[in-house]
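Take a look at the model below. This report walks through a few of its parts, one at a time.

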Amino acid sequence: ALCPLIYFASYLTRKDYGVVMAAVIASEGITNAQAGLVETLALISYGAGQIVSGILGDKFKPQNIILCGLGSTMVCNLLMPFCPNILMREIVWLINGFAQSMLWPPLVRIMAATMDKNTYNDVCANVNVAGNAGTLLLYLTSSLIWLKFFTWKYTFFSSALLCGIILVAYVMNDYAVVAYG
């Protein structure tokens, strides 16, 4: 159950900037090119980070890599609304891209090592649905609540909050596995 939840959190905390980018441009007085560069830097670090995370997953416990990725992306999403300028947003979202890359490779490694083929296929389908559900929730809450009644910043806060809840569930599950076998 945690595999889809992790991917759900991943989509919330990775796609939220793109969802509110127009509002960020309007409220912060930045250009489309500046706003787009933030997203581009995240995608570059995400892609490069996939390779690094795959290598790290072979050397370190994949559960710890996921823990670092979830924690880091949560912090990046908490910081984004407080960034005073475009340079800080670029740095925070560049880090977020790398944090995001720390989720999928170790998640697949855990699934492949612990699940039979049928379970693996079922969980992969559930992970895909969870990513889509995260995207849908993000668009709905941003357009119907945060952007309508508050500000784009609340999209990041809500994404970070949900990621934090999933992070706590993940840590508690990992603790229970270690403590109780």
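## Starting with one residue

In which helix is A9 found? A9 sits in helix 1. Keep in mind that this model is predicted.

Is A9 buried or exposed? Its relative accessibility is 0%. Buried means under 20%, so A9 counts as buried.

What does A9 touch? Leaving aside neighbours within four places in sequence, A9 is in contact with L70, C163 and I166. Look at I166: A9 and I166 are 157 residues apart along the chain. Yet their C-alpha atoms are separated by 7.1 Å.

## Helix 2, end to end

Helix 2 covers residues 32-59, which makes 28 residues. From first C-alpha to last, helix 2 reaches 40 Å. That is close to the 40 Å expected at 1.5 Å a residue. Helix 2 also bends, by about 30° at G49.

G49 is one of the buried residues of helix 2. The buried residues of helix 2 pack against helix 1 (2-28), helix 3 (62-79), helix 4 (86-101) and helix 5 (104-114).

## Where helix 1 meets helix 2

Two packed helices are described by the angle and the distance between their axes. For helix 1 and helix 2, the angle is about 170° and the axes are 9 Å apart. Over 145 degrees counts as roughly antiparallel, so helix 1 and helix 2 are roughly antiparallel to each other.

Which residues meet here? Helix 1 brings R14, Y17, G18, M21 and I25. Helix 2 brings N32, A35, G36, V38, E39 and Y46. By class, this contact has six nonpolar, three polar and two charged residues.

Key
Residues numbered from 1 in each chain as written. Predicted model: local features only at pLDDT ≥ 70, side-chain atom pairs only at ≥ 80, totals over all residues. Heavy atoms only, no water. Helix = DSSP H or I, 4+ residues; strand = E, 2+ residues; numbered from the N terminus. Expected span 1.5 Å × (residues − 1). Bend = angle between axes of the 7 residues up to and from the residue. Buried < 20%, exposed > 50% of the residue type's maximum accessible area, 1.4 Å probe, protein only. Contact = heavy atoms within 4.5 Å. Axes fitted to C-alpha atoms, helices over the stretch in contact; angles between N-to-C directions. Parallel < 35°, antiparallel > 145°, perpendicular 65-115°, else oblique. Nonpolar A, V, L, I, M, F, W, Y, C, P; charged D, E, K, R; others polar.
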